[in-house]
Amino acid sequence: SYHAMQWRLDRRFARGFQATASYTWSRNMDSTSEGVGAVTTQGNQRNLTSVPPAQGGLRMDHGLSDYDRAHRLTVLYLWDVPGPARGFWKYALGGWSLAGITSFQTGAPFTGWNGFDLNNDGFANDRADIGNPRAPLNSRAVLTPASGSQSCATRYRNPDTGACVTPGDVHWVQGTGLPNASTVGRNTLLAGGINNFDVSLSKSFQIGEQRRLEFRWEALNALNHPQFTQVPERSVVGAPPSRFLNRHF
């Protein structure tokens, strides 16, 4: 299901300036964003739900679609820079144009993974459990062995710091499966958004009545903003130290 509010504004101003702005505020919901399914290493094909559809996976996985982008604002502008109409300066200062596209967009939803197969259905796309929802979002804990150098009296260890912790100290906990699980929902996290400025500057030279020579300079992401649009490491068990939910890697 998709619902949206869409706005568009077109305006021509004085002195050769015009702009168009488009804004969309939307919500896209589904239970699986790939209805055809995926071929696994074993050659099996299934819908991409964390629980098989026969066990209620479609209902339990209902949430934001992989394609949901809640907000998107795009501004297009063009300025034909006024210049002298005659004389020598007409050739040097006339015929310049400045144009650009500015885009802002919220990030893509993604799901926090446990890191291994909890329900023994042959697929390691099970979701992690929640320890303390008020703890820092990038804090996690994994189960430790009952004995040995890696064991903890609390049974849990933070793989980023190496400290023994309790589920109440961290946001994410390695899941132990049903029935006593507080498993996170599908697509409850967001990747980085877009904050992009593309600019072009052009100069047109008239050659006779039928020919024109154009000089063009273009800059993509002119302000050099980092665009962390990729889904970061999200496996509670498998992400290397300091990489869990870290967009900079």
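Me: Buried means under 20% relative accessible area, exposed over 50%, and partly exposed in between. On that scale, does arginine 216 count as buried, exposed or partly exposed?

Reply: This is a predicted model, and its values are computed from the coordinates. Arginine 216 has 42% relative accessibility and therefore counts as partly exposed. For the protein chain as a whole, 33% of the 249 residues count as buried.

Me: Which residue forms a salt bridge with arginine 216?

Reply: The general idea is that side chains of opposite charge can pair when their charged atoms come close. In this structure the partner of arginine 216 is glutamate 214, with 3.3 Å between the closest N and O atoms. Glutamate 214 is partly exposed as well, because its relative accessible area is 44%.

Me: How many salt bridges does the structure hold?

Reply: There are eight. One of them joins the side chains of arginine 8 and aspartate 10 at 3.0 Å, N to O. Arginine 8 is exposed at 60% relative accessibility, whereas aspartate 10, at 45%, is partly exposed.

Me: Which parts of the chain does the pair of aspartate 30 and arginine 186 tie together?

Reply: These two side chains meet in a salt bridge of 2.8 Å, N to O. Aspartate 30 belongs to strand S2 (residues 17-30), while arginine 186 lies in the loop between strand S13 (172-173) and strand S14 (189-190), so the bridge ties together parts that are 156 residues apart in sequence. Both aspartate 30 and arginine 186 are buried. Salt bridges that share partners also join Asp30, Asp66 and Arg186 into one network.

Me: Which residues make up the largest nonpolar core?

Reply: A core is read as a set of buried nonpolar residues joined through their side-chain atoms. The largest one has eleven residues, among them Phe110, Val142, Trp172, Val236 and Phe244. A second, separate core of five residues includes Ala141, Tyr156, Val165 and Val170. Leaving aside neighbours within four places in sequence, valine 142 is in contact with Arg155, Tyr156, Arg157, Pro159, Gln174, Val236 and Val237.

Me: Where is serine 202 placed, and is it buried or exposed?

Reply: Serine 202 is in strand S15. It counts as buried because its relative accessibility is 9%.

Me: Which cysteines form a disulfide, and how far apart are their sulfur atoms?

Reply: A disulfide is assigned from the separation of two cysteine sulfur atoms. Cysteine 152 and cysteine 164 form one, with sulfur atoms 2.0 Å apart. The angle about the S-S bond is -75 degrees, a left-handed link. Cysteine 152 sits in the loop between strand S10 (140-143) and strand S11 (156-157), and cysteine 164 in strand S12 (residues 164-165), twelve residues apart. Cysteine 152 is buried at 11% relative accessible area, whereas cysteine 164 is partly exposed at 45%.

Me: What is the phi of arginine 155, and what is that of asparagine 221?

Reply: Backbone angles are read residue by residue. Arginine 155 is not a glycine, yet has a positive phi of about 80 degrees. This arginine 155 is found in the loop between S10 and S11 and is partly exposed at 48% relative accessibility. Asparagine 221, also not a glycine, has a positive phi of about 50 degrees. Asparagine 221 is placed in the segment after S16 and is buried, with a relative accessible area of 18%.

Methods: Residues are numbered from 1 along each chain as its sequence is written. This is a predicted model: local features need pLDDT of at least 70, side-chain atom pairs count only at pLDDT 80 or more; totals for chains, interfaces and linings use all residues. Side-chain values use heavy atoms; hydrogens and water are left out. A disulfide is a pair of cysteine sulfur atoms within 2.5 Å. Helices (H or I, at least four residues) and strands (E, at least two) are DSSP runs, numbered from the N terminus. Buried means under 20% relative accessible area, exposed over 50%, partly exposed in between (1.4 Å probe, protein chains only). A nonpolar core is a set of buried Ala, Val, Leu, Ile, Met, Phe, Trp, Tyr and Cys residues joined through side-chain atoms within 4.5 Å. Contact means heavy atoms within 4.5 Å. A salt bridge is a side-chain nitrogen of Lys or Arg within 4 Å of a carboxyl oxygen of Asp or Glu.
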